[in-house]
Amino acid sequence: MKIGFIGCGNMGGAMMQGILDSGKCLPGDIMASDALEAAREKRRQGMGISVTGDNKEAAAFGDIVFLAVKPQYYHEVIQEIRETVKEDQILVTIAPGKTLAWLEEEFARPLKIVRTMPNTPAMVKEGMMALCPNEKVSAADLQAVREVCSSFSKTEVVSENLMDVVTAVSGSSPAYVFLFIEAMADAAVAGGMARPQAYKFAAQAVLGSAKMVLETGKHPGELKDMVCSPAGTTIEAVGVLEEKGFRSAVFQAVKACMDKSRGM
């Protein structure tokens, strides 16, 4: 299988590295384009893939073509490649707010399109990715895309009306988690811990807690109660978080992100 990438940035690079590390493709099976020569050379030297400054060349190369550019460049890139793309190719998009209807209108003809929303933990092969295919995509086509994307992410197929929710709860949420880790580490530093050690303790606590949710199947509230001993240190801390509106702030942040995505 040949894979084309239009865009060599952090997300595109994470995807390509995951695919190569999985052994599902060899370097010669991937071609990536980017407007910046430095970005192209970084991927060529680091991964051994083919690179080009011509988006049409990358679009023509792949059985699957990832549009891994920022949302504001989608119109320009699509106008450039839309006559190059063939009907048997599968196009995979990663941009929030760009609906299937918008994409189909931009390409101005029926094509196989899978709209997705990845997140940056794909860089360490712990991503979470939603996929939403249009009617031209067969079950076999969708399975092929999922197989490729499983190299760097867990995948779930969702209906399009949930894509903005996915953006808010998964696509953007690593930033919320990083803020939480940074704040905990800052407090640990204030308590006398060296910063590198503080980051390690805070980050590992988040990682381990997330694994408990996924692997035990228990409700997060039940897991929280397991830590909160009567009259103990943890319930004291939880009381402060509730007093300061922690839960409400997270809820409102996710909702704001969702609303922004819907308006893009």
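**A tour of the rings**

Start with Phe-66: it is buried, at 0% relative accessible area (buried means under 20%, exposed over 50% and partly exposed in between, with a 1.4 Å probe and protein chains only). Before you click on, bear in mind that this is a predicted model, where local features need pLDDT of at least 70, side-chain atom pairs count only at pLDDT 80 or more, and totals for chains, interfaces and linings use all residues. Residues are numbered from 1 along each chain as its sequence is written, and side-chain values use heavy atoms, with hydrogens and water left out.

How many aromatic pairs does the structure hold? There are 2, counting rings of Phe, Tyr and Trp (its six-membered ring) with centres within 6.5 Å; planes under 30 degrees apart are stacked, over 60 edge-to-face, and the rest tilted. Phe-5 and Phe-66 are stacked, because their planes are at 5°, with the ring centres 4.7 Å apart. Phe-5 belongs to strand E1 (residues 3-6) and Phe-66 to strand E4 (residues 64-67), 61 residues apart. Helices (H or I, at least four residues) and strands (E, at least two) are DSSP runs, numbered from the N terminus.

Next, select Phe-180 and Phe-246. Their ring centres lie 5.9 Å apart with planes at 45°, so this pair is tilted. Phe-180 is partly exposed at 33%, and Phe-246 is partly exposed at 36%.

Last stop: Lys-98 and Trp-102. The charged end of Lys-98 sits over the Trp-102 ring, 4.5 Å from its centre (NZ of Lys or CZ of Arg must be within 6 Å of the ring centre and within 35 degrees of the ring normal).
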